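Here is a short briefing to read alongside the model.

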Amino acid sequence: MTENSKVMFERAKQVIPGGVNSPVRAFKSVGGNPLFIEKADGSKIYDIDGNSYIDYVCSWGPMILGHNKKEIREAVISAASNGLSFGAPTELEVVLAEKMMEYVPNLELVRMVNSGTEAVMSALRLARGFTGKNKIIKFEGCYHGHTDSMLVRAGSGILTMGESDSSGVTDTVANDTLVAVYNDLDSVSQLLDKYEVAAIIVEPVAANMGVVVPADGFLKGLRDLCDKHNALLIFDEVITGFRLLRGGAQAFYNVRADLVTFGKIIGGGMPVGAYGGRREIMACIAPLGSVYQAGTLSGNPIAMTAGITQLNLLVDDGVYQHINHLAMCLEKGLNDIIKRNQIDAITTRVGSLLCMFFGISSANNYREVKAADTERYGKYFRGMLECGIYLAPSQFEAMFVSYSHTENDIAKTLECAEKVLIEMRKEG
């Protein structure tokens, strides 16, 4: 850890719980103390000591074009000259909603909010209001923000009620959330047969337990089960939206959802979120319907400007070709290193999302990835950080490749990875 970051972390702990404003930033699962970042540009971030790192966190995904993109920066500066917040409608929020509806299948109405968590919370309330049913099915290991009803894990068995993962979540709230096994349609079917379910919510690619790829037919199977049991299918595309393709996972996997949630990628990294879907469902939201949801900062003009500019740039198919190609090269390079040096690890990838797990041979659901060797990942993380590569400070997060990453970035990353992995093998 650099000296100034160390001093700043001690200072931060005096005024911020744990010294951080989001738990994963504390580096607790990888050891050491967090870097404090001063600036970012392209594929690089720079800490307050002036050290640079090739960044594969990308603000947890939204920097798909890279950091500090000139067009977005200039558009935001221009918009700020007109004021920062109005608490009233603007043309900008209409334009962004229109662009989202143009690109994303089955998006007939859109409501802007301020975060992915808020989008999920609102979509779940809407699903309950539309269906008149209370139960929600989520999947073990999938993360949908810190709203109370989503902070649950599986109990003693698939058919048990949810058990809270966090203090402060009441049993009453947790009991309305049922937990199934990702990539296991039978576990979903059993729950649907036993309970009246309003909706199934799923990360189409489970990117909050590393990167767990949906099995062939899994997402389509969820669609069929929802149709059979009159439940809604909610795709949480806070990570996959506009990253896998402009149309997100619905377009990538050719499976339609009834509601979709989005996060900060639609604002170029600004604090923003949205949810949308079929008109008949979205029409239940106030002021059209009886499902209440509001937000003073929703549709903020600065965030809308950043989002419009980013989506305009994502019209270029070359963006997706570039990031997917580089991610494929990174995956292949890591696999070659693993095989050549007999490292007990595997990689998973979808599009420009990828992950490396230590100590397991397959990653199909949370129970499998939970067996990964997090201590070894911590050693790998610290070694890569010393080499100038910034990875997610958790085994159970994705790597993100951006349009600003280069072939030289990939080559340096692979060179560092082999060096670190060989050293780890020598240490045992």
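This is a predicted model: local features need pLDDT of at least 70, side-chain atom pairs count only at pLDDT 80 or more; totals for chains, interfaces and linings use all residues.

Which residues in α3 meet which residues in α10? Residues are numbered from 1 along each chain as its sequence is written, and side-chain values use heavy atoms, with hydrogens and water left out.

**The helix pair**

- Leu 92, Glu 93, Val 95, Leu 96, Lys 99, Met 100 and Tyr 103 in α3 meet Pro 301, Met 304, Thr 305, Gly 307, Ile 308, Leu 311 and Asn 312 in α10 (contact means heavy atoms within 4.5 Å).
- The residues of this contact of α3 with α10 divide into nine nonpolar, three polar and two charged, with Gly counted as polar.
- Helix α3 (residues 91–103) and helix α10 (residues 301–313) pack at about 35°, their axes 9 Å apart (axes are lines fitted to C-alpha atoms over the stretch in contact, and angles run from 0 to 180 degrees between N-to-C directions).
- Helices here are DSSP runs (H or I, at least four residues), and strands are too (E, at least two), numbered from the N terminus.

**The cysteines**

- Cys 387 and Cys 416 form a disulfide, with sulfur atoms 2.1 Å apart (the cut-off for the pair is within 2.5 Å).
- Cys 387 lies in the loop between α13 (374–386) and β15 (389–390) and Cys 416 in helix α14 (residues 407–427), so the pair ties together parts 29 residues apart in sequence.
- Cys 416 counts as buried at 3% relative accessibility (buried means under 20% relative accessible area, with a 1.4 Å probe and protein chains only).
- Cys 58 is in no disulfide, and the nearest cysteine sulfur, that of Cys 355, is 15 Å away.

Terms used. Buried means under 20% relative accessible area, exposed over 50%, partly exposed in between (1.4 Å probe, protein chains only).
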